[in-house]
Structure formats: C-alpha cells, structure tokens
Amino acid sequence: MQDYRVETFLAVCRTLNYTRAAEELNITQPAVSQHIAFLEKEYGAKLFSYANRKLSLTPAGELVRRTLAAMAHDDQLLRESVAACERTSALSLSIGMTLTAGEYVVAAPLATYLRAHPEMQVRLRSRGTEELLGALDEGVIDCAFVEGFFDKSVYAWDTFSTERLVAICAPGHALAGRTCAFEDLLSEHVLVREEGSGTRAVLEHALAARNLALASFARTTEVGSINVIKSLVAGGFGLSFMFAAAVSDDVARGRLSLIEIAGPPICHDITFIRLKGSTFEGDFQRLFDELKEC
C-alpha cells in the first residue's frame, strides 16, 4: 500500500512546485512541506534543492524518485491485477509505442500475442520517445517500445530489434537509387519528424558524428506524421530519413525510392523498456520473450 507521503513526494517530482503539488492532491502547501520533511528525515538526505527560484531534485532525491516511482507503479498494477481476479476479467496493461516501433515493428507480433492470450487487455499509447519516458516515470504506462535514446542506467530494457535508417525520395528524383554521402544531400530539402521523435534523434546523432546538423541542409520542414512525410516525399516534396521497416512496402510498390548512404549502415535498436526494480519484472520479461517469438 502506497504511503500518502510518497504520493506527495511524487507529485512534487512531477510539478517541481509545492503549490501545484498541493493543488493536485487537494491538500495544503504546509502539508506538502511536512510530508517532504518527513521523507528527508526518514532517508537522511535532502531530496530537493532550491536555487534561482527553481526547485530541483538532488542526486539523492532522484534515486528516491526512481525507486518510489517503481513501487507506486507496482502498487497500481497489483490493485488492477487483484481487481481483475475478483471480477474474473482480463488484466489490463498499458503499453507505450513510438510511431515507427508501434506501426511497423511491434504491431504484427503484438496482434499474434493477443490472439494467443485472450485474457490480456492492452491500452496502447503512441507518442514520441521523450513523452513515453515521462509517462513511464509517472506510471501512466507500464512499459514501452521506443527507437529513441534514453538513459540505460535508469530503466530495465531489452533490445527488440535492430533497424536501419535509410534516406528516401520520389522514384523520379535525380538521386533515386544512387549512393551518396550525407554531404551530397546538404543542398536538398529534408522533411524531419518533430522534436522528441526517436527517428529524428537517431538522424541528429548520425549527423553529429559527421560534424553536421539539421541546419546543414538547405531547407528542413518538420512534420509530425510518418504517413504524411511519405506522401509528401512520394509527391516530390523533399527527401526524408526513416527506418527501413517503415518504408519497405512503399519501396517494393515503387511509391518511394532509396538513396543509399555511403559508409557503414546507420542502425539503431527498437528497445523494450520498463521501470527498474519492478515486482512484475518476470511478467514483463515473459511478454517480451513471447513477442520476440511471434
């Protein structure tokens, strides 16, 4: 059972503001201060620091946050599991997926898994990597499949698949089917995903390794939808970079063409992540293992 002071602590972690945490929990601000003071005494360390009119977690506070967040998540999942047993109904699991991971890599095996496990009910949340990490930290989702970068020391994780980043263009483009260095593409108009997207982060990382950036291209346009980007590129409106799994069908049908990037392949993992230290780690591992086999 989650201690009410832990709930207060996690609310302050989310808001980084005692007043907003008090409003969220419908308690007074002095009560919030008392709860934090109790936990600081309990753990023998300052959990928050205040400087330049800004509240932030101390290193000890971040350690406590990660641990208590996992415990709070387990408490909620345990309650849902017990309730499902009482109702003899399906257990509900909330799974986050980035757009590429969800639509082009995980959706098919997940469908196979769910057909084999009718007792399972899932809620799917599709967001960028950064949003999913925040949702995982706050207990909004139970686990996630992401292609973006994250701190591997903070989460439990397994590699689901390794995907290759490719450049795409319209079939009639002058560069279609050619092998080019990144530098050969700098005069082009490039369509990119929004901030927080894992695909964009991988592209930016690959560019940085070559001392380049998105600003190095002649023009960039930000688009939040994979399918809209593919439609625009197919219509001759710029180039883009996506994981091969997201465009393989379009290339096979002749709707899009590849531009081979010179040098070693740009590869990145689709990763299954969840909170570290969860009591339900065995269940998450079984879910991962079965999805890998589908």
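At 73% relative accessibility, Asn211 counts as exposed, which means over 50% relative accessible area, with under 20% called buried and anything in between partly exposed (1.4 Å probe, protein chains only). This is a predicted model, in which local features need pLDDT of at least 70 and side-chain atom pairs count only at pLDDT 80 or more, while totals for chains, interfaces and linings use all residues. Residues are numbered from 1 along each chain as its sequence is written, and side-chain values use heavy atoms, leaving out hydrogens and water.

**The chain as a whole**

There are 10 helices and 12 strands in the chain, taken as DSSP runs numbered from the N terminus (helices H or I, at least four residues; strands E, at least two). Its C-alpha atoms fill a box of roughly 65 × 55 × 30 Å along the principal axes. Of its 294 residues, 46% count as buried. If you look at contacts (heavy atoms within 4.5 Å) with a separation of 6 or more, residues 24 or more positions apart account for 74% of them.

Asn211 sits in the loop between α7 (198-208) and β9, and its phi is near 60°, a positive value in a residue other than glycine. Leu16, in the loop between α1 and α2 (18-25), also has a positive phi, near 50°. Thr221 belongs to strand β9 (residues 219-222). Leaving aside residues up to four places away in sequence, Thr221 touches His189, Val190, Leu191 and Val192. Its C-alpha atom is 42 Å from that of Leu47, 174 residues away along the chain.

| Residue | Relative accessibility | Class |
|---|---|---|
| Leu16 | 33% | partly exposed |
| Asn211 | 73% | exposed |
| Thr221 | 21% | partly exposed |

**Two helix pairs**

Two packed helices are described by the angle between their axes and the distance between the axes. Here the axes are lines fitted to C-alpha atoms, for helices over the stretch in contact, and angles between N-to-C directions run from 0 to 180 degrees.

Helix α1 (residues 4-15) and helix α3 (residues 29-43) have axes that come within 9 Å and cross at roughly 105°. α1 is therefore roughly perpendicular to α3; that class covers 65 to 115 degrees, with under 35 roughly parallel, over 145 roughly antiparallel and the rest oblique. On the α1 side, Tyr4, Arg5, Val6, Thr8, Phe9 and Val12 meet Val32, His35, Ile36, Phe38 and Leu39 of α3. This contact has 8 nonpolar, 2 polar and 1 charged residues, where Ala, Val, Leu, Ile, Met, Phe, Trp, Tyr, Cys and Pro count as nonpolar, Asp, Glu, Lys and Arg as charged, and the others, Gly among them, as polar.

α5 and helix α8 (residues 226-234) pack at about 80°, their axes 10 Å apart, and are therefore roughly perpendicular too. Leu99, Thr100, Glu103 and Tyr104 of α5 meet Ile226, Asn227 and Lys230 of α8. By class, the residues of this contact divide into 3 nonpolar, 2 polar and 2 charged.

**Along helix α5**

The 18 residues of α5 (residues 99-116) should span 26 Å at 1.5 Å a residue, and the 24 Å between its end C-alpha atoms agrees; the expected span is 1.5 Å times one less than the number of residues. A kink of about 65° lies at Val106, shortly before the proline Pro109, the bend being the angle between axes fitted to the seven residues ending there and the seven starting there. Val106 and Pro109 are both among the buried residues of α5, along with Thr100, Ala101, Gly102, Val105, Leu110 and Tyr113.
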